[in-house]
Amino acid sequence: MPSHPLPPLNRQFVAHFGEMGSKWGINRTVGQIYALIFISQRALNADEIAEMLEFSRSNVSMGLKELQAWRLVQLRHQPGDRREYFEAPADVWEIFRVLAEERRRREVEPTLSMLRMALLEEPTSDEERHAQQRMREMHDLIDRLMKWFDDVQRLAPETAMQLMGMGATVTKVLTLKDRITGAKGKKVGA
């Protein structure tokens, strides 16, 4: 039994993050370690994490290495203590930004690269021409989304939050613009 058991609300959050981790492409242990660090009032060392979550020290060490590779935890040192302590960035917008950048680097950029290479190939059949056209559509959408995301990333967090809160309002303005200009049947943003 841990000497510092987690309060029920904290345990619920940690358990949920573990469950969601597998849906996000990380293992349950890493998700739970991150959740604990995220909600902690202070930086935690690996022994504390292992004790609170009742995990082996080796599992915690591997999880912390993965979180460091994703840049989701920061290493801290305490004066007079040789152990390493870990904390999550305080700003949730910064966490989102780092996570999005890492996912982009690991998942989106290799896909865009593959699509670019495929679009440079000369199709030799109708089947390949059709496939290449579909790949072009996919490339163009992903490329446009990444350019938009880059623009959003350059905004101050407060401005980005305001922009996100304006979703329905922006849609109404664009619909009104289409009515005024006579553009019918177009999807917003097309």
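Predicted model: local features only at pLDDT ≥ 70, side-chain atom pairs only at ≥ 80, totals over all residues.

Visitor: Why does E54 count as exposed?

Guide: Its relative accessibility is 54%, and the cut-off is over 50%, so E54 counts as exposed. E54 is in the loop between α3 and α4, and has a positive phi of about 60 degrees although it is not a glycine.

Visitor: What makes R71 partly exposed?

Guide: R71 has a relative accessible area of 38%, which lies between the two cut-offs of 20% and 50%. R71 sits in the loop between α4 and β2; R71, too, is not a glycine but has a positive phi of about 60 degrees.

Visitor: And why is R104 called buried?

Guide: The value for R104 is 19%, and buried means under 20%, so R104 is buried. R104 belongs to helix α5. Leaving out residues up to four places away in sequence, R104 touches E109, P110, M146, F149 and D150, where contact means heavy atoms within 4.5 Å.

Visitor: What makes α2 a helix, and how does its span compare with the expected one?

Guide: Helices are DSSP runs of H or I with at least four residues, strands are runs of E with at least two, and both are numbered from the N terminus. Helix α2 (residues 28-39) has 12 residues. The expected span is 1.5 Å times one less than the number of residues; α2 reaches 17 Å from its first C-alpha to its last, close to the 16 Å expected. Its buried residues are V30, G31, Q32, I33, Y34, A35, L36 and I37, and their cover includes α1 (8-24), β1, α3, α4, β3 and α5 (92-120).

Visitor: How do you know which way α3 passes α4?

Guide: A crossing is left-handed if the near helix is turned anticlockwise from the far one by less than a right angle, and right-handed if clockwise; α3 passes α4 in a right-handed crossing. The contact is made by A46, D47, I49 and A50 of α3 with R57, V60 and L64 of α4.

Visitor: What makes five residues of that contact nonpolar and two charged?

Guide: Ala, Val, Leu, Ile, Met, Phe, Trp, Tyr, Cys and Pro count as nonpolar, Asp, Glu, Lys and Arg as charged, and the others, Gly among them, as polar. By that rule the contact of α3 with α4 has five nonpolar, no polar and two charged residues.

Visitor: Why are β1 and β2 said to stand at the edges?

Guide: Two strands pair if DSSP finds at least two bridges between them. The open sheet runs in the order β1-β3-β2 with antiparallel pairing. β1 (44-45) and β2 (74-77) each have a single partner strand, so one side of each is left without a neighbour in the sheet.

Visitor: How do you know that β2 and β3 pair?

Guide: They have four bridges, and the rule asks for at least two, so they count as paired. At one of them, H77 has E84 in β3 as its bridge partner.

Methods
Residues numbered from 1 in each chain as written. Heavy atoms only, no water. Buried < 20%, exposed > 50% of the residue type's maximum accessible area, 1.4 Å probe, protein only.
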